[in-house]
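Dear colleague,

I am passing a structure on to you with this email, and my notes on it follow below. Please read them with the structure open beside you.

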Amino acid sequence: MARSDGYNTKTRQLILDYLINNRQHAVSASNILAHLEEQGASPNPTTVYRYLDKLAGEQRIMKYVADKGERAVFQYVDESRHCREHLHLKCVQCGRIYHLDCHFMDEVRSHLMADHGFTLQCEGSVLYGLCRSCAAKNAEADHSVQSDENLPSAVDTEKKP
């Protein structure tokens, strides 16, 4: 892919490929650096951060920062997904990002404008919780723990009165 500045390097292409191949997850710069090292590149962290900022400026990736002081994470934006027009859901357990691009968003926007005079800007907005798969795994684990709690307690027969 050609860059707007006409400057493309193997490292830049590796970064972009990694983001595209992991588009369902938000990844950190440290994830990208580790991947680059696995590929035999010796990246300069500053260069990686600058390129990520450039991609974010070109709106090719989304940059998410949950709270001040926390590290940013990045996700490739599929042009067909209109990522700036809907919210995203992030599973706090597996890290997967889901697009909330359903008609529900139209209802939310209409409600916010009509009842609150508020225009929603979705870019970079993320709701955090558990995905269906992780919630099911947690429910299974909770059920297993509860089953174990119903077992009779072990008695230490080695103790002397």
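In what follows, two residues are said to be in contact when heavy atoms of theirs lie within 4.5 Å, and a residue is called buried when its relative accessible area is under 20%. Please keep in mind throughout that this is a predicted model.

With those terms in place, I begin with helix α3, whose buried residues pack against α1 (10-21), α2 (29-38), β2 (61-64) and β3 (73-76). The buried residues in question are Val48, Tyr51, Leu52 and Leu55. Seen down the axis of α3, these buried residues fall within an arc of 100°, so they line one face of the helix. As for its length, α3 covers residues 45-57, which makes 13 residues, and its span from first C-alpha to last is 18 Å, close to the 18 Å expected at 1.5 Å a residue.

Of the 161 residues in the chain, 30% are buried. Among the contacts with a separation of 6 or more, 51% are between residues 24 or more positions apart. The accessible surface of the chain comes to about 11000 Å², and carbon and sulfur atoms account for 50% of that surface.

Leaving aside neighbours within four places in sequence, Lys90 is in contact with Ala26, Val73, Gly95, Arg96, Ile97, Val126, Leu127, Tyr128 and Gly129.

Tyr128 also belongs to a nonpolar patch on the surface, which it forms with Val92 and Leu130, and the accessible area of the three together is about 300 Å². Leu130 sits in the loop between β6 (126-129) and α5 (132-149), and this residue is partly exposed, with a relative accessible area of 43%.

With kind regards

How values were computed. Residues numbered from 1 in each chain as written. Predicted model: local features only at pLDDT ≥ 70, side-chain atom pairs only at ≥ 80, totals over all residues. Heavy atoms only, no water. Patch = residues over 30% accessible without salt bridge, like charges linked within 9 Å, V, L, I, M, F, W, Y side chains within 5 Å. Areas by Shrake-Rupley, 256 points an atom, 1.4 Å probe, with all protein chains shown as cover. Salt bridge = Lys/Arg side-chain N within 4 Å of Asp/Glu carboxyl O. Helix = DSSP H or I, 4+ residues; strand = E, 2+ residues; numbered from the N terminus. Buried < 20%, exposed > 50% of the residue type's maximum accessible area, 1.4 Å probe, protein only. Expected span 1.5 Å × (residues − 1). Arc of directions from axis to C-beta.
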